[in-house]
Amino acid sequence: RAQKPTCCQFELTFGCGLHCRHCYTDCYNRRVFIKQELDTAGVKKILDKIRQQGVVWLCFTGGDPLSRKDFPEIYAYAKKKGFLVTVFTSGYFLDKKTLDIFKKQPPFVVEMTLNAVTEKPFERISQVKGSLHRVIRTVEVLLQEKIPLKIKTMVTRDNLGQINRIQGFLVSHGLVFRPDYHLLSRLNGDNAICALRVPPRKILSL
């Protein structure tokens, strides 16, 4: 007898405030594609169905799910349904409404990606001016409010010189350095970003 699923990774949106050079979904981070996404009612309908099928562990990802204006409503609905919720976010869009609901109904964990801790390399990767300040502020706010937080770092040719600084920053904030080296081709089949992969011999020397 087939086992029922217990976990779901729900890509709520392609939208994100950043346009990271290595991101495999950024090819669809455009208004024309975002306009075709499920509305709030459609998302809730799917949440109902997967809960009925036995899913307990739910991860909201994207893009950045916090870029959706209805994210607080969707999140609250998922918590009401009894899901254990993880949220993957760039940290760019955290607002008071989302923070308040995280405080009242904490997620299992919020996972962010931090690919540099100084402005020039961060903005080279994110391709968005002023983005480092907003992301660092989100890290600090989540820690201050004691929201469960994990940080990941995508190691590419763009940030090799930042690795020690990133690790030092995370350790100073009581966080664990979690590097990832697996770059994927974009969802539209474009594999140009694979040129940003770090050679195995270089990874072993870090």
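In what order do the six strands of the open sheet stand, and is their pairing parallel or antiparallel? The order is E1-E2-E3-E4-E5-E6, and the pairing is parallel; strands (E, at least two residues) and helices (H or I, at least four) are DSSP runs numbered from the N terminus, and two strands pair if DSSP finds at least two bridges between them. Strand E1 (7–11) and strand E6 (179–180) are the edge strands, each pairing on one side only. Strand E4 (residues 109–113) runs parallel to strand E5 (residues 149–154), to which four bridges join it; Met112 stands opposite Ile151 in E5.

The model is predicted: local features need pLDDT of at least 70 and side-chain atom pairs count only at pLDDT 80 or more, whereas totals for chains, interfaces and linings use all residues. Residues are numbered from 1 along each chain as its sequence is written, and side-chain values use heavy atoms, with hydrogens and water left out.

Buried means under 20% relative accessible area, exposed over 50%, and partly exposed in between (1.4 Å probe, protein chains only).

Trp57 is found in strand E2 (residues 57–61). Trp57 counts as partly exposed because its relative accessibility is 36%.
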